[in-house]
Amino acid sequence: MSAIYPVATYLTLGWVLFLLARRPHDIRLRAIVGVVLCWALAYPFLKLANAHATFAGISPMGSRFVQHSLTLAAVNCLIVFFLHSALDEEVARRRARWCLVPLGIAITVLGVAAALTPPEVDTNDQSVTPVAVFFVMSLAYVIFGFSVACFWTLRYARGAEPRLAMGLRLAAVGLAGIVAADLVFLPTVLLRWSGAEVPRWFVDTGITLVLLGILLFLAGVCYPAAGMRLAGLGVWWQHLLLYRRLHPLWTIMHERFPQDTLDSLPANTLRELYGLRGVHRRYYRRVIECRDGLVRISPYLSGVRRQEVPLAEQLLAALRAHAAGIPAAEHAVPLAIPSAEGLEADVRELVALSDALRTGGR
């Protein structure tokens, strides 16, 4: 779990930064970036404090202070996210400003407690009063902040579309797990401060809950966008397959009617050949060119259409007649017309005709 947490955090940070680059003015997305960024920045200071190491003049208790301050700032960013998700912008801004007051009080108490901690004291020695006050204040704010965020998460999920609602509920479970973990940690601090023994399993339960809670929250944050990407990947794969299946029909139409070729495409780079936009662009282009070619050749079939002969064979005969310069009827006729409306139905007919041409017209 300890190994998965930093990996998940930094991967999520890269993902949300990518999303922010595409939507830099989205205040909710900026808040989520703030959450994950604070967690990512806090992790090295957590390791320094646990190792009792001094780095760049920062004492172990100083590292602990930075770690917890960033964690509390992440909680505040989370509250801001859900306020802006569930409320009007002006109301959300006003409430977000008020939320800075308890954050400022909590960080001030942490700073005073860290300053009063003797240098030789272990940063986790909660039998020392300043250290105990430090952890109690940090836990109290986290419980407050995550409880508020969990409330707004569930409220926002009620009116969200299904994929987003699923992600929000998953995030709410993660937040509830973090609150439960902190409700476990809080009495352990008080027990240690009083000199009582704390069972190891009690501490391990809290650690497991907080790590699971963070992972579930990160999964909930990524779920809506990742779900859209997976759905887009499915459409990309379908378009790629249909693009290739249309190749026989497109080839004969393109050779016979090169004037119907649309504007040139970008260079045949891997991104253009297999990227999302490139595949979609080539797919729609091929569908249009196939349909245009059928419209041009259709006058050659207007007087010779026979139901007992497959359309692919009649099409090949019409193409031979066109190549030989034989006159055709003056009007186009419908070819490969779908029984239902919509592009998908039209493509199905074109693909069926192309598959028949692939097998020799049968």
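**Figure 1. Positive surface patch with its largest share from helix α4.** Helix α4 supplies three residues, the largest share of the positive patch. The patch is formed by Arg94, Arg95, Arg97, Arg155 and Arg158, and the elements that give two or more residues to the patch are α4 (89–116) and α5 (129–158). Arginine 97 has its place in helix α4. Patch residues have over 30% relative accessible area and no salt bridge, with like charges joined within 9 Å and nonpolar side chains within 5 Å. Helices are DSSP runs (H or I, at least four residues), numbered from the N terminus. The model is predicted: local features need pLDDT of at least 70, side-chain atom pairs count only at pLDDT 80 or more, and totals for chains, interfaces and linings use all residues. Residues are numbered from 1 along each chain as its sequence is written, and side-chain values use heavy atoms, with hydrogens and water left out.

**Figure 2. Nonpolar surface patch of Trp98, Val101 and Ile105.** Together these residues have about 350 Å² of accessible area, computed by the Shrake-Rupley method with a 1.4 Å probe. Tryptophan 98 lies in helix α4 and counts as exposed because its relative accessibility is 62%; exposed means over 50% relative accessible area, buried under 20%, and partly exposed in between.

**Figure 3. Largest nonpolar core, with 72 residues.** Among the residues with the most contacts inside this core are Trp39, Phe82, Phe146 and Phe217. Elements giving two or more residues to the core include α1 (4–22), α2 (27–50), α3 (60–86) and α6 (162–194). Helix α5 gives the most, with 14 residues. A nonpolar core joins buried Ala, Val, Leu, Ile, Met, Phe, Trp, Tyr and Cys residues through side-chain atoms within 4.5 Å.

**Figure 4. Salt bridge between arginine 200 and aspartate 204.** The N to O distance is 3.2 Å; a salt bridge requires a side-chain nitrogen of Lys or Arg within 4 Å of a carboxyl oxygen of Asp or Glu. The two residues are four residues apart in helix α7, so about one helical turn separates them. Arginine 200 is exposed at 58% relative accessibility, whereas aspartate 204 is partly exposed at 31%.

**Figure 5. Salt bridge between arginine 291 and aspartate 346.** Their N to O distance is 2.4 Å. The pair links distant parts of the chain, 55 residues apart: arginine 291 in helix α10 (residues 276–297) and aspartate 346 in helix α12 (residues 343–358). Arginine 291 counts as buried at 17% relative accessibility, and aspartate 346 counts as buried at 16%.

Technical notes: Lys, Arg positive; Asp, Glu negative; His and termini not counted. Charge placed at Lys NZ, Arg CZ, Asp CG, Glu CD. Buried < 20%, exposed > 50% of the residue type's maximum accessible area, 1.4 Å probe, protein only.
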